[in-house]
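Subject: Handing over the structure

Hi,

Here is the structure I promised to pass on to you. Please have it open next to this email while you read.

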Amino acid sequence: MTLAELNLSFHDERTEFAPGETLTAEYFAGESCSAEVEALEISVLWFTEGKGDEDFAVHYFQRTETSEAAPVDFRQPRQFSTMLPNSPLSYDGVILRIRWCVRLRAFLTRGKQLVEQRTFRLGNVPVARAVLP
């Protein structure tokens, strides 16, 4: 099973958004893995990278589970939308980066998981440059 068996795409293929804009994405499980999927989680989150403690927060989260009483066909495309917050803005600093992404996680039978992730920029903060002495 490969990551390509999870499909995640932005509605208009944009990867840059302004604060307060609406992000819309579509997702589904591929034919070959859909029978093994017990639940799909879609989330919009930000996280930090770089020196110091790493931080993250979830802006949007939705979980869909299947059961015998309420079976779900995860091959069917699902769509979600969320209004993006005003902060934190994406930032590419010298010692710290703030990244935003949409993450799709599939929980499979036998405890396995698959993850597909698409990054995007929130805001238009210029890339920081190191100041040389």
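Let's jump in at one residue. Arg97 counts as partly exposed, at 26% relative accessibility. A quick word on that term: buried means under 20% relative accessible area, exposed means over 50%, and partly exposed is in between (1.4 Å probe, protein chains only).

Before going further, some housekeeping. This is a predicted model, where local features need pLDDT of at least 70 and side-chain atom pairs count only at pLDDT 80 or more, while totals for chains, interfaces and linings use all residues. Residues are numbered from 1 along each chain as its sequence is written, and side-chain values use heavy atoms, with hydrogens and water left out.

Back to Arg97, then. Its side chain meets that of Glu49 in a salt bridge, at 3.4 Å from N to O. This pair links distant parts of the chain, with Arg97 in strand β8 and Glu49 in strand β4, 48 residues apart. Glu49 is partly exposed too, with a relative accessible area of 28%. By salt bridge I mean a side-chain nitrogen of Lys or Arg within 4 Å of a carboxyl oxygen of Asp or Glu. Why do such pairs turn up? Side chains of opposite charge can pair when their charged atoms come close.

How many salt bridges does a search of the whole structure find? The search gives 12. One of them joins the side chains of Arg75 and Glu31, at 3.1 Å from N to O. These two also come from distant parts of the chain: Arg75 is in the loop between β5 and β6, Glu31 is in the loop between β3 (22-29) and β4 (37-50), and they are 44 residues apart. Arg75 is partly exposed at 36% relative accessibility, whereas Glu31 is exposed, with a relative accessible area of 59%.

Another salt bridge is formed by Arg118 with Glu116, whose closest N and O atoms are 2.7 Å apart. Here Arg118 is partly exposed at 32% relative accessibility, but Glu116 is buried at 11%. There is also a network: salt bridges that share partners join Glu49, Asp92, Arg97, Arg99 and Arg121.

Now the overall picture. The chain has zero helices and nine strands, so DSSP is worth a note: helices (H or I, at least four residues) and strands (E, at least two) are DSSP runs, numbered from the N terminus. The C-alpha atoms fill a box of roughly 65 × 30 × 20 Å, taken along the principal axes. Of the chain's 133 residues, 35% count as buried.

How confident is the predictor? Its score, pLDDT, gives the confidence in each residue from 0 to 100. The chain has a mean pLDDT of 92, and 97% of its residues reach 70 or more.

On to the rings. Six aromatic pairs come out of a search of the whole structure. Trp100 and Phe120 make one that is tilted, with 5.9 Å from centre to centre and 40 degrees between the planes. Trp100 lies in strand β8 (residues 96-108) and Phe120 in strand β9 (residues 113-122), so the pair ties together parts that are 20 residues apart in sequence. For the cut-offs, rings of Phe, Tyr and Trp (its six-membered ring) pair if their centres lie within 6.5 Å; planes under 30 degrees apart count as stacked, over 60 as edge-to-face and the rest as tilted.

Are these two residues buried or exposed? Trp100 is buried at 1% relative accessibility, and Phe120 is buried with a relative accessible area of 4%.

Last, a stop at strand β5 (residues 56-65), where Phe56 lies. Phe56 is exposed at 55% relative accessibility. Together with Val58 and Phe61, Phe56 makes a nonpolar surface patch of about 320 Å². Patches are made of residues with over 30% relative accessible area and no salt bridge, with like charges joined within 9 Å and nonpolar side chains (Val, Leu, Ile, Met, Phe, Trp, Tyr) within 5 Å; the areas come from the Shrake-Rupley method with a 1.4 Å probe, and for residues only the protein chains shown count as cover.

Cheers

Note on methods. pLDDT = per-residue confidence, 0-100.
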